[in-house]
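Have the sequence and the 3D view ready.

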Amino acid sequence: MDQRITLITLGVEDLQAMTKWYEKVFQWERMSEDEGVSFFRLNGMILGLYPSNMLADDAGVQQDGSGFKRFSLAINFRSEAEVDIVFEALRKRGATILKPAEKAFWGGYSGYVSDPENNLWEIAYNPFWKFDE
């Protein structure tokens, strides 16, 4: 599997305030005006801000402080088939599968695994984004 991170998503309590903070303090421009999520293109990766309760729900975990750290890391692949191949490889290597890959409400395909300290990794295909090699 390639060594890369393509998307870091931070779970936030107040999306509007946090978005304004990143725009004002870091002077970052949002990639788009998507409702309910903010994306900022960084140097070769993307930072996402997403309501923490919705991020927990998307990963299929409780937001009660036991195991959910309010962020996820994502690795995006070139196709749904590639996501399935990666999930199978991770399963064989003993990864904890939190949510098997499936069609996502936002039009892509994704699932979640966790590392031994319960950090969330989304394995995804997003047909709307183009990434560098």
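Glu-80 and Lys-103 form a salt bridge, with their closest N and O atoms 2.8 Å apart. This pair ties together distant parts of the chain: Glu-80 sits in helix 3 (residues 80-92) and Lys-103 in strand 5 (residues 96-103), 23 residues apart. A salt bridge here means a side-chain nitrogen of Lys or Arg within 4 Å of a carboxyl oxygen of Asp or Glu. By this rule, there are nine salt bridges.

This is a predicted model, where local features need pLDDT of at least 70, side-chain atom pairs count only at pLDDT 80 or more, and totals for chains, interfaces and linings use all residues. Residues are numbered from 1 along each chain as its sequence is written, and side-chain values use heavy atoms, leaving out hydrogens and water.

**The helix-to-strand pair**
- Glu-80 is partly exposed, at 26% relative accessible area, while Lys-103 is exposed, at 60%.
- The cut-offs: buried is under 20% relative accessible area, exposed is over 50%, and partly exposed lies in between (1.4 Å probe, protein chains only).
- Helices (H or I, at least four residues) and strands (E, at least two) are DSSP runs, numbered from the N terminus.

**A network**
- Glu-102 and Lys-99 meet through their side chains in a salt bridge, 3.7 Å from N to O.
- Salt bridges with shared partners join Asp-58, Lys-99 and Glu-102 into one network.
- Lys-99 counts as buried at 17%, but Glu-102 is partly exposed at 40%.

**Another pair**
- Arg-4 has a salt bridge with Asp-2, and their closest N and O atoms are 2.7 Å apart.
- Arg-4 is partly exposed at 22%, and Asp-2 is partly exposed at 43%.
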